[in-house]
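Colleague: I would like to learn how to read the aromatic contacts and the fold in a model like this one. Where do we start?

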Amino acid sequence: MIRPAPILLLTVLAMLLLSPTAMARNPAPEGRTYFIFIMGLDDDPYGIEADCLTFGANQACTPEGDICLDWQRTQGGVQTNKEGGFALHTQFDQEGLIIRMEGQGRIDSRGRKSSLSAVARAAALDVQLNFTFAGRQVKRSQCLRMAEEFRAQQSGP
């Protein structure tokens, strides 16, 4: 004879299954902010810059929104085994100069936070630059603080 589950247990299960916190978030990087290091876009090819990128459903933008990269998942749009690929591209006008960027990246979401890295190319006129960026997921406010601290250290006393 099967005994019915206690009402309390059923109530707890229903609350867990129906609560917004129990609903699955979109896989990384969507909806997350990353503190990133960028190498290759400075006058010094080995110079490092820091910034924040916040990923939406199909764009990743800097905090000021002055640069947004269109992105989409590769590998059929599915992130598997806590890893996934993405492609990025954009085109923007910087004082009359059209700059195109495109590249490939990887997301790794092992543990509580995710990380990402990408290699890309920026092209304008006949000049092409290869660059890379890598970063770790942090809260937006923490990212802004970290980027500001990095810039302050780079500018010196």
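Modeller: With a definition: rings of Phe, Tyr and Trp pair if their centres lie within 6.5 Å, and planes over 60 degrees apart count as edge-to-face. This is a predicted model, and the structure holds 6 aromatic pairs.

Colleague: What is the geometry of the pair Phe37 and Phe150?

Modeller: The ring centres of Phe37 and Phe150 are 5.4 Å apart and the planes stand at 65 degrees, so the pair is edge-to-face. Phe37 belongs to strand E1 and Phe150 to helix H2, so the pair ties together parts 113 residues apart in sequence.

Colleague: Which parts of the chain does the pair of Phe55 and Phe86 link?

Modeller: Phe55 is in strand E2 and Phe86 in strand E5, 31 residues apart. The pair is edge-to-face, with 6.2 Å from centre to centre and 80 degrees between the planes. Phe55 is buried at 3% relative accessibility, and Phe86 is buried at 1%. Ring pairs also join Phe55 and Phe86 with Tyr34 and Trp71 in a cluster.

Colleague: How many strands close into the barrel?

Modeller: The barrel has 8 strands, in the order E1-E2-E3-E4-E5-E6-E7-E8, with antiparallel pairing. From one strand to the next, the twist averages 30 degrees. Helix H2 (residues 140-155) packs on the sheet and touches strands E1, E2 and E8.

Key
Residues are numbered from 1 along each chain as its sequence is written. This is a predicted model: local features need pLDDT of at least 70, side-chain atom pairs count only at pLDDT 80 or more; totals for chains, interfaces and linings use all residues. Side-chain values use heavy atoms; hydrogens and water are left out. Two strands pair if DSSP finds at least two bridges between them. Helices (H or I, at least four residues) and strands (E, at least two) are DSSP runs, numbered from the N terminus. Axes are lines fitted to C-alpha atoms, for helices over the stretch in contact, and angles run from 0 to 180 degrees between N-to-C directions. Contact means heavy atoms within 4.5 Å. Rings of Phe, Tyr and Trp (its six-membered ring) pair if their centres lie within 6.5 Å; planes under 30 degrees apart count as stacked, over 60 as edge-to-face and the rest as tilted. Buried means under 20% relative accessible area, exposed over 50%, partly exposed in between (1.4 Å probe, protein chains only).
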